[in-house]
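The stops below are meant to be taken in order.

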Amino acid sequence: MADAARLPESRLPDTPEHHWSREEDGACRTADRGIFDRPAQEHGVAAKDREEAAKAVCAGCEVRVECRRHALAAREPHGVWGGLAEEERRSLFTSDSGPRAA
């Protein structure tokens with residue numbers, strides 16, 4: 001799963017609003033962690049179905065906004081974070097200056 005525990009400390013934003021624990025508060029803590037990251041050989045319908053399952057977990061999550069903000073601030077390149085897939089997060093950036101919207 002795409003979680004903060006896997007990221008090097010240097011990749012984590014160092015602001016108070018990003019000091020939250022998805023492990024304790026996130027809906028993903030009880031979900032199948034495999035749905036949040038796409039296996040290298042997964043494409044087509046299987047990839048879409050897995051991604052939609054991850055987004056469904058995120059949709060009911062009380063820390064979805066914080067998770068999404070973290071993924072955008074850290075420019076997390078993989079997985080579903082805060083209900084956004086990697087392609088959706090990339091599309092929010094117009095340049096290296098930062099996100100257009102969270």
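The tour covers the cysteines, then a loop residue, then a cavity.

The model is predicted: local features need pLDDT of at least 70, side-chain atom pairs count only at pLDDT 80 or more, and totals for chains, interfaces and linings use all residues. Residues are numbered from 1 along each chain as its sequence is written, and side-chain values use heavy atoms, with hydrogens and water left out.

Select the cysteines. The whole structure holds 0 disulfides (pairs of cysteine sulfur atoms within 2.5 Å). Starting from Cys 28, the closest cysteine sulfur is in Cys 61 at 6.1 Å, too far for a bond. Cys 67 is in no disulfide either, the sulfur of Cys 58 being nearest at 6.1 Å. Cys 28 is buried at 8% relative accessible area (buried is under 20%, exposed over 50%, partly exposed in between, with a 1.4 Å probe and protein chains only). Cys 67 is buried as well, at 5%.

Next, select Arg 33, in the loop between helix H1 (22-25) and helix H2 (44-59); helices are DSSP runs of H or I, at least four residues, numbered from the N terminus. Arg 33 is partly exposed at 28% relative accessible area.

Last, select Phe 36, Arg 38, Arg 50, Glu 51, Gly 79, Val 80, Ala 85 and Glu 86, which line the second largest cavity (on a 1 Å grid over the protein atoms alone, a set of points where a 1.4 Å probe fits but cannot get out; lining residues have an atom within 4 Å of a point).

Conventions: On a 1 Å grid over the protein atoms alone, a cavity is a set of points where a 1.4 Å probe fits but cannot get out, and a pocket is an open set with protein on both sides within 12 Å along at least five of seven lines; lining residues have an atom within 4 Å of a point. Helices (H or I, at least four residues) and strands (E, at least two) are DSSP runs, numbered from the N terminus.
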